[in-house]
Amino acid sequence: MDLQTRKLTFIQEFLRIQNEDIISGLEKMLKKRKAELYEESLKPMSMEQFDTDIDQSLEDSANDRVINARDLKEEIKKWS
């Protein structure tokens with residue numbers, strides 16, 4: 001059975017579920033597994049990239065291309 005067929009079969013089975021505990025469990029399992037896969041895909045930054053980022057940050061600060069924490073928090077409140 002190919003992946004597309006498996007997904008469709010899973011969706012059909014999922015739609016038949018009437019138990020909220022089962023759905024909650026599946027949601028938790030999906031969220032946990034997605035987080036695990038994301039963490040597995042992370043790769044450490046190279047020292048070269050780290051140094052480049054630091055240099056860029058220092059340049060941004062020297063050229064006043066920064067935002068203070070208070071202003072950033074206010075901006076974030078507007079996002080939702």
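User: Where does Asp-64 lie, in a helix or in a loop?

Analyst: Asp-64 lies in the loop between helix 3 and helix 4 (69-77). Helices here are DSSP runs of H or I with at least four residues, and strands are E runs of at least two, numbered from the N terminus. Bear in mind that this is a predicted model, where local features need pLDDT of at least 70, side-chain atom pairs count only at pLDDT 80 or more, and totals for chains, interfaces and linings use all residues. Residues are numbered from 1 along each chain as its sequence is written, and side-chain values use heavy atoms, with hydrogens and water left out.

User: Why is Asp-64 called exposed?

Analyst: Exposed means over 50% relative accessible area, buried under 20%, and partly exposed in between (1.4 Å probe, protein chains only). Asp-64 has 62%, so it counts as exposed.

User: And what makes the phi of Asp-64 worth a look?

Analyst: Most residues other than glycine have a negative phi. Phi of Asp-64 is near 55°, a positive value in a residue other than glycine.

User: How do you know that the protein chain is more spread out than a compact globule?

Analyst: Start with the fold: four helices and zero strands, in the pattern α-α-α-α. The radius of gyration, taken over C-alpha atoms, is set against a globule rule of 2.2 Å times the number of residues to the power 0.38. For 80 residues the rule gives 12 Å, and the protein chain comes out at 22 Å, well over that, so it is more spread out than a compact globule. The C-alpha trace spans about 60 × 35 × 20 Å along its principal axes, and 1% of the 80 residues count as buried.

User: What makes the largest pocket a pocket, and which residues line it?

Analyst: On a 1 Å grid over the protein atoms alone, a pocket is an open set of points with protein on both sides within 12 Å along at least five of seven lines, and lining residues have an atom within 4 Å of a point. The lining includes Phe-10, Phe-14, Met-29 and Arg-33. Helix 1 (3-16) and helix 2 (20-41) are the elements that give two or more residues to that lining, and helix 2 supplies the largest share, seven residues.

Technical notes
1 Å grid on protein atoms, 1.4 Å probe; cavity = no way out; pocket = protein on both sides within 12 Å on 5 of 7 lines; lining within 4 Å.
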